Amino acid sequence: MAYFMLRATDKPGTGDLRQSTRPEHLEYLESLPQVFRIAGALLSEDGQTVVGSLMMIEAEDLAQARAYVEGDPFAKAGIFATTEILPWRVAIGKPA
């Protein structure tokens with residue numbers, strides 16, 4: 001198993017869609033705790049406005065990590081303008 005970092009930015013004007021899709025999104029992440037190790041919203045400089053998502057994913061390989069991201073209700077709803085998934089190596093600490 002390996003770790004991957006997802007950084008996704010939201011399309012402008014998708015705030016309402018994000019809010020309405022959020023319960024399904026959280027249910028999806030919570031159903032796969034062995035995959036989504038940590039996840040949360042990225043905020044603008046005002047510390048309030050959601051501009052995207054950041055997730056640490058544990059998967060066999062990059063293809064599997066992408067498949068998990070594509071299964072996310074936020075991705076299926078078309079909220080993300082961009083997604084970047086990169087391999088990640090732990091240097092300090094240990095994911096739960």
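**Exercise 1. Classify Arg-37 by its relative accessible area, then describe its salt bridge with Glu-58.**

Step 1. Arg-37 has a relative accessible area of 29%, so Arg-37 is partly exposed. The classes are buried under 20% relative accessible area, exposed over 50%, and partly exposed in between (1.4 Å probe, protein chains only).

Step 2. This is a predicted model, where local features need pLDDT of at least 70 and side-chain atom pairs count only at pLDDT 80 or more, while totals for chains, interfaces and linings use all residues. Residues are numbered from 1 along each chain as its sequence is written, and side-chain values use heavy atoms, with hydrogens and water left out.

Step 3. Now for the partner: between Arg-37 and Glu-58 the closest N and O atoms are 2.7 Å apart. A salt bridge needs a side-chain nitrogen of Lys or Arg within 4 Å of a carboxyl oxygen of Asp or Glu.

Step 4. This pair links distant parts of the chain, 21 residues apart: Arg-37 sits in strand E2 (residues 36-43) and Glu-58 in strand E3 (residues 50-59). Strands (E, at least two residues) are DSSP runs, numbered from the N terminus.

Step 5. Glu-58 has a relative accessible area of 12%, so Glu-58 is buried.

**Exercise 2. Find how many salt bridges the whole structure has, and follow Arg-18 to Ser-53.**

Step 1. The search finds 2 salt bridges. One of them joins Asp-10 and Arg-18, with the closest N and O atoms 2.7 Å apart.

Step 2. Asp-10 and Arg-18 are both buried.

Step 3. The side chain of Arg-18 also makes a polar contact of 3.0 Å with that of Ser-53. Such a contact is a pair of N or O atoms within 3.5 Å; within protein, one must be able to donate a hydrogen and the other to accept it, and residues adjacent in sequence count only if both atoms are side-chain atoms.

Step 4. Ser-53 belongs to strand E3, and its relative accessibility of 2% makes it buried.

**Exercise 3. Count the aromatic pairs and describe the one between Tyr-3 and Trp-88.**

Step 1. Rings of Phe, Tyr and Trp (its six-membered ring) pair if their centres lie within 6.5 Å; planes under 30 degrees apart are stacked, over 60 edge-to-face, and the rest tilted. The count is 4 aromatic pairs.

Step 2. Tyr-3 and Trp-88 are edge-to-face, at 5.9 Å centre to centre and 75 degrees between the planes.

Step 3. Tyr-3 is in strand E1 (residues 2-10) and Trp-88 in strand E4 (residues 80-88), so the pair ties together parts 85 residues apart in sequence.

Step 4. Elsewhere, ring pairs link Tyr-28, Phe-36 and Tyr-68 into a cluster.

Notes
Helix = DSSP H or I, 4+ residues; strand = E, 2+ residues; numbered from the N terminus.
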